[in-house]
Amino acid sequence: WKNQFGFLSCDGRSYDGSCAFFQQERALTLGDGWFLVVGLGALFALLTAAMVWLEQRGSTPDDFKKTSEFFSTAGRDVALGLTATDVVSKWIWAASLLQSSNVAFKFGVSGPFWYAAGATIQILLFSVVAIEIKRKCPAIHTLLEVVNVRWGPLAHMVFLFFCLLANLIVSAMLILGGSSVVYALTGMNSTLTCFLMPLGVSTYTMFGGLKGTYYAAWTHTAVIYAALIVFVWKVFVGPSDIGSPDRMWENLQIAAQKNPVEGNDGGSLMTMVSGPGLIFGVVNIVGNFGTVFVDQSYWQGAISARPSASWRGYLIGGLAWFAVPFTLATTLGLAARALDLPVTSAEAADGLVPPAVALHLLGKSGAFLVALQVFLAVTATANSEQLAVATLLAYDVYKARVNPNASGAQVVAVSRGAVLLWAVVSALAALALRALGLSLGWVYLAMGVMIGSTVPPICMSILWRECTGPAAIIAAVVGLIAAVSGWVAMAAQVVGLIA
């Protein structure tokens with residue numbers, strides 16, 4: 001590798017002759033990794049638990065704030081601001097920070113647009129479902145309660161499988177991306193990181209329930225936005241090796257001459273006329289419909305919001321979220337090209353573009369800031385996923401099938417046990433993906449194949465009275481079979497093998 005601009009690393013070393021960006025010593029120490037995962041994890045857990053305790057202080061054991069209803073719905077009285085914050089928080093995955101920069105690095109400016117726009121549509125459209133929840137079934141706890149009442153136990157179990165599959169894909173992908181960044185920057189054992197992150201989150205999820213999720217969303221999102229502003233200022237204002245939009249544009253023109261993007265108009269990094277970018281956009285839109293409409297956490301947010309805040313919270317939250325991946329990708333993703341850093345395609349697929357650019361621009365403090373962003377994104381969304389699964393298992397398995405006469409205390413106990421169980425299961429799933437050699441990018445693109453077929457029938461459960469149970473089951477199951485078959489056939493035709 002030879003850096004065509006003559007840029008040096010943060011410690012003054014030349015990139016010339018490098019085979020990869022992270023081939024040399026770690027940017028951060030192992031102690032930094034422990035401080036991030038354990039130290040800051042404990043700090044945010046204590047902060048969230050303290051907020052919940054202060055709100056519940058003085059309440060009696062029989063108080064509403066100690067019931068199973070409050071644990072899973074936060075009293076159905078969450079205001080507009082917290083509703084929008086919660087939407088932003090649980091939609092900021094590790095992929096929002098890492099995969100968005102990867103597609104900017106691969107496709108140029110079209111990548112950030114298709115990533116951000118392709119994942120905002122679903123949130124905006126979900127506001128329609130939020131309205132219908134408040135109109136037709138304001139007392140539900142889960143989306144599957146609607147399915148069970150309308151279509152019976154068989155459909156209930158089929159869609160329970162798809163809902164848990166969606167939660168498993170999201171949870172495992174979060175942990176996989178987070179552990180990859182922590183390992184690349186600090187060398188901290190990936191297996192240990194995969195367990196420590198979700199287990200740390202489970203402590204305040206078990207204690208605070210859904211209200212704890214809202215408090216965690218607020219604190220985590222505030223820090224992520226603050227770090228984002230730091231990166232934007234450093235890249236486009238400086239002082240840095242770029243320092244202005246003009247210099248960014250000029251460097252990207254030169255970079256495209258060295259490594260033109262196949263399928264882009266003129267090989268340019270600054271064009272929206274991009275074949276691979278458009279294909280990614282379609283895949284992104286389809287895949288993300290499944291991870292919103294089939295994810296109990298989004299239904300839970302609509303259930304817990306005030307009627308006046310439900311649809312408005314999703315509209316405002318969707319627009320606010322758009323700024324995160326679009327801004328970060330057009331900042332750090334394009335900067336990796338404009339700086340001509342020796343980031344390999346494998347490193348980009350593992351989500352290492354942002355830490356590479358941050359390390360170059362800000363040194364160890366920049367690397368730590370990216371790691372902190374990713375850690376907070378992982379823990380905030382993991383918090384929502386754990387509680388979503390706990391609510392499904394408590395109300396759609398335990399109370400619906402095991403103990404219909406369960407008391408509120410029993411439901412809360414089962415919910416808390418399910419939170420801990422899911423923390424372990426999601427960690428094991430992330431380790432399985434790593435053992436299979438599957439990257440963050442691969443999992444992100446595959447999720448639409450797995451759960452995309454469930455979106456229409458799930459929506460019809462609340463939007464169309466004429467939809468029948470057998471039709472909904474057939475649509476979901478046959479759609480999954482067709483998606484996997486088409487995927488495998490396409491792989492065999494394009495690549496020539498299935499591996």
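A helix in this text is a DSSP run of H or I with at least four residues, and helices are numbered from the N terminus. The expected span of a helix is 1.5 Å times one less than its number of residues. The model is predicted, so local features need pLDDT of at least 70 and side-chain atom pairs count only at pLDDT 80 or more, while totals for chains, interfaces and linings use all residues. Residues are numbered from 1 along each chain as its sequence is written, and side-chain values use heavy atoms, with hydrogens and water left out.

Start with helix α7, which covers residues 153–186. From its first C-alpha to its last, this helix of 34 residues reaches 48 Å, close to the 50 Å expected at 1.5 Å a residue. Of the 34 residues in α7, 26 are buried, and the helix is mostly covered. Buried here means under 20% relative accessible area, exposed means over 50%, and partly exposed lies in between, with a 1.4 Å probe and protein chains only. Just after α7 comes Gly187, with a positive phi of about 80°.

Two loop residues also have a positive phi. Most residues other than glycine have a negative phi. Ala74 is not a glycine, yet its phi is positive, at about 55°. Ala74 sits in the loop between α2 (68–73) and α3 (80–91), and it counts as buried because its relative accessibility is 4%. Asp340, another residue other than glycine, has a positive phi near 55°. The loop that holds Asp340 runs between α12 (307–338) and α13 (345–349). Asp340 has a relative accessibility of 4%, so it counts as buried.

Thr213 belongs to helix α8, residues 190–236. With 3% relative accessibility, Thr213 counts as buried. Leaving aside residues up to four places away in sequence, Thr213 touches Asp86, Asn383, Ser384 and Leu387; a contact means heavy atoms within 4.5 Å.

Val38 is part of helix α1, residues 30–56. Its relative accessibility is 36%, so Val38 counts as partly exposed. Between Val38 and Trp93 there are 55 residues in sequence and 20 Å in space, C-alpha to C-alpha.

Ile474 is found in helix α19, which takes in residues 469–494. Ile474 is exposed because its relative accessible area is 53%. Ile474 and Pro457 are 17 residues apart along the chain, and their C-alpha atoms are separated by 9.3 Å.
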